Amino acid sequence: MTVTINKQAPELLVASWVQGSPVTFADLTGKVVLVEVFQLNCPGCFLQGLPEAIRLHDRYADQGLVVLGLATAFENYDKNTLENLKALVETGTVVGESLKMLGQHGELVDGKFRWKIPFTVGMDEVTVNDEPVTEEKIKEYAERLHPDLSQRREEEQGYILKMVEQYLRQKTMTAQTFELYGLKGTPSSILVDREGILRDVSFGPQAGLEQMIQKYLA
């Protein structure tokens, strides 16, 4: 991770704002900020991440919570696009595996995402990745995902390194905010307090997120 908990949160690197006005953490001094990071082709983002972010927005917005949505892309670059993000925000259109899984769970209304996103939404800055995949880079990325890598069994280390190498070789694009915050996947959340201090970065459902929000709102 290139950011540090309990230190000033670096600004999000946003290529385009598709809903709401451009905003920075500096603009939001005095507010608690929750950034919900998702991908368009991410079923868990639509089944869990975004609905929970909307619920938290609805419950705590009048107490000083600002929720921001940030779409990113670290895979499936044909689905996780700015165009598909605009379609989601404007019409509720979902794509790929997200569409498939929402349908299977009965979470579509007229074929669209059943929730209306009520907060500001932007697209992560995604750039072409032309860096060579070296052994050093593979190890560095693997240790970021698994800080205890060196303590694991040799065969398990080998498997992790192999999986990381495969991932990095297909990673033709780099999502700048995703990399800056050292995120492990989507959905992820970033929590910043009223003074702009980074308080939490989490991957997947975070049981204590609401309690942390309450703490920093108090």
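Modeller: Here is a close look at the sheet and the helices on it. This is a predicted model, where local features need pLDDT of at least 70, side-chain atom pairs count only at pLDDT 80 or more, and totals for chains, interfaces and linings use all residues. Residues are numbered from 1 along each chain as its sequence is written, and side-chain values use heavy atoms, with hydrogens and water left out.

Six strands form an open sheet, in the order β1-β6-β3-β2-β9-β10. The pairing is mixed. Strands are DSSP runs of E with at least two residues, helices are runs of H or I with at least four, and both are numbered from the N terminus. Two strands pair if DSSP finds at least two bridges between them.

Now the edges. β1 (14-19) and β10 (198-203) each have a single partner strand, so one side of each lacks a neighbour in the sheet. On average, neighbouring strands are turned by 20 degrees against each other, direction ignored. Axes are lines fitted to C-alpha atoms, for helices over the stretch in contact, and angles between N-to-C directions run from 0 to 180 degrees.

Take β1. Four bridges join it to β6 (residues 120-124), and the two run antiparallel. Q19 stands opposite V121 in β6.

Next, the helices. α2 (residues 82-91) packs on the sheet and touches β1, β2 (32-38), β3 (65-71) and β6. Contact means heavy atoms within 4.5 Å. The direction of α2 makes about 25 degrees with that of β1. α7 (residues 209-217) also packs on the sheet, touching β2, β3, β9 (188-192) and β10. The direction of α7 makes about 15 degrees with that of β9.
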